[in-house]
Amino acid sequence: MNDAWWKNAVIYQIYPRSFCDSNADGIGDLRGILQRLDYLRELGVDVIWLSPIYASPNADNGYDISDYRAIHPDFGTMQDFDCLLSQIHARGMKLVMDLVVNHTSDEHIWFQQARQSKDNPYHDYYIWRDNHGGPPNNWNSWFGGPAWEYNPPTDEYYLHIFAKKQPDLNWRNPRLRREIYDMMCWWLNKGVDGFRMDVISLISKPKALPDDPNGDLSPYCINGPHVHEYLQEMHEQVLCHYDIMTVGECPGITVEEAKKYAGADRHELNMVFHFEHTSLTDGPYGKWTNARTPLPALKKTLAKWQQGLRGTAWNCLFWGNHDQPRAVSKFGCDLPEYRDRSAKMLCACLYLMQGTAYVYQGEELGMTNPGFFSLEQYRDVETLNAYHNLVGSGVLDKRTMLEYLACTSRDNARTPMQWTAGACAGFTAGDPWISPGRNFRAANAERELTDNDSVYHFYRRLLAFRKQSPIVRDGEFTLLWPEDERIFAYRRAYQGQTLSVLCNFSKEIASLPEPAAARGEVLFSNYTPPHTDGVLAPFEVIVTLQSSAPS
Ligand code: GLC
Ligand code: CA
């Protein structure tokens, strides 16, 4: 367990629709990914995590699956997939698939059957309640509107935590669980190397479905009554038979819960994603805000997870994914003068902690939010629903909501990968399904590969360092100056050596409370020369190594 390969791995998330389009239809595809495998290997990627590529009507860009064993024609064919998998393996890399089994699409054959009649053999694959003049309770969907949808043929309502085209599966049904395990084995037998499990903390629902004072289903559905039983069963029936890695997406979990999902002795998952550090800006309208993350809260949250899982479970290190705004825009600064520096600072700040490194496509180039300013530019179902709900009901005015979307919409992460300074950032020779960001002439792979001082090369060097560094892997973590509002600093200590990571998260010059903290051999910095006198320039990062004299 301590030597598990995934602990040292660099995992790169690909959002296939936006990564690389090989046939000019404006949509990224598997052959496009194939063309970029050498780029990923050069960066130091060990594992590719592919967001869903399965058949889907795309109500939620593939997170609504209509056939778990088919490839969406937008992305290619099963032959393309097999070729991609073997080319990934040929380069010594691995492939992890997205597993979306909290719900299916309403166009999945199971649901098509299930909705026809109460005695259909598939009826019980989903979660139904009789119609007593309205939905069974007041829960709201996470994508807005009621969490229940009426089904005329059976005069019932079905539960959907997400969009109404994403009915929730009934994990109480053993036959359904068996189907899912068989499907997982089918992919594993093809040779895939693991799964990222979509909203896995939501799969178990309580029997009673009480109203909630705020219409919030989270308290009942997050870490539901049987979730750990199901995962232990899945482990025994599927996971333990393969040398794979698993990571669960677990919105709303605490450190204590994470130890249950991913504790080394629990026989469930290898790692979990929590979202505590990305949700610190949540407010009266949920995630819709233009607030900045308060630095002391960010530091304390990440430190709590570093210390909390130490020795019992394992952290996932990430700033962004396909559901989050771009890290540089959210935690750094995307103005042209600070983009490059703050991207490097965020890279060092995160990946010198203990855990497995997750890089979301384009982060290694310092990609930013695109700065969309009109509703027509957005594609995401969550974003569009929220706009219509909040603006339609008069809770927020249009201008404010558009400002919030520009900060937190998921589409911020879904703009085309920036390959070149050419048309559409080199992503497609056709019309892209979503517009590219504004700054691809500065932030693109072609340019950054030739500039040894680029964000890309900073990522490459730092990721290479972390992979072979026992101090990064195992060193003890100590947060320095938790209340400081500009500086995020910590130490890692291991076998007489100390790594100090000193980051200025602000646009101002910031003095280290202890100037001597910057002493030692400088391993990484984003200014030339670095300011080792204890005063950090805007968004400066300095990483030093000190060896204590043998006593
Ligand atoms: C997860 C995915 C997100 C999706 C949701 C419903 O949170 O990351 O993109 O919309 O689950 O499947
Ligand atoms: Ca295409």
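1. His-123 is buried, at a relative accessible area of 8% (buried means under 20%, exposed over 50%, partly exposed in between, with a 1.4 Å probe and protein chains only).

2. Before going on, please keep in mind that this is a predicted model, in which local features need pLDDT of at least 70 and side-chain atom pairs count only at pLDDT 80 or more, while totals for chains, interfaces and linings use all residues. Residues are numbered from 1 along each chain as its sequence is written, chains are lettered from A and ligands numbered from 1 in the order in which they are written, and side-chain values use heavy atoms, with hydrogens and water left out.

3. Which residues surround His-123? Leaving aside residues up to four places away in sequence, His-123 touches Ala-114, Ser-117, Lys-118, Trp-128, Thr-154 and Glu-156 (contact means heavy atoms within 4.5 Å). With Glu-156 there is also a side-chain polar contact of 3.1 Å (a pair of N or O atoms within 3.5 Å; within protein, one must be able to donate a hydrogen and the other to accept it, and residues adjacent in sequence count only if both atoms are side-chain atoms).

4. Lys-118, one of those neighbours, forms a salt bridge with Asp-130 at 2.9 Å, N to O (a side-chain nitrogen of Lys or Arg within 4 Å of a carboxyl oxygen of Asp or Glu). Lys-118 is in the loop between α4 and β6 and Asp-130 in strand β6, so the pair ties together parts that are twelve residues apart in sequence. Lys-118 is partly exposed at 47%, and Asp-130 is partly exposed at 36%.

5. Now look at the sheet. It is open, has eight strands in the order β11-β10-β9-β5-β2-β1-β13-β12, and its pairing is parallel (two strands pair if DSSP finds at least two bridges between them). At the edges stand β11 (271-273) and β12 (316-317), each with a single partner strand, so one side of each has no neighbour in the sheet. Helix α3 (residues 78-90) packs on the sheet, touching β2 (47-50) and β5 (94-99), and its direction makes about 135° with that of β5 (axes are lines fitted to C-alpha atoms, for helices over the stretch in contact, and angles run from 0 to 180 degrees between N-to-C directions). Helix α5 (residues 174-190) lies across β5 and β9, at about 135° to β9.

6. Asp-80 lies in helix α3 and Arg-31 in helix α1 (residues 30-35), so the pair ties together parts that are 49 residues apart in sequence.

7. Finally, Arg-410 and Asp-380 meet in a salt bridge at 2.8 Å, N to O, and both residues are buried. They belong to a network of salt bridges that also includes Asp-60, Lys-287, Asp-323, Glu-382 and Arg-414.

Conventions
Helices (H or I, at least four residues) and strands (E, at least two) are DSSP runs, numbered from the N terminus.
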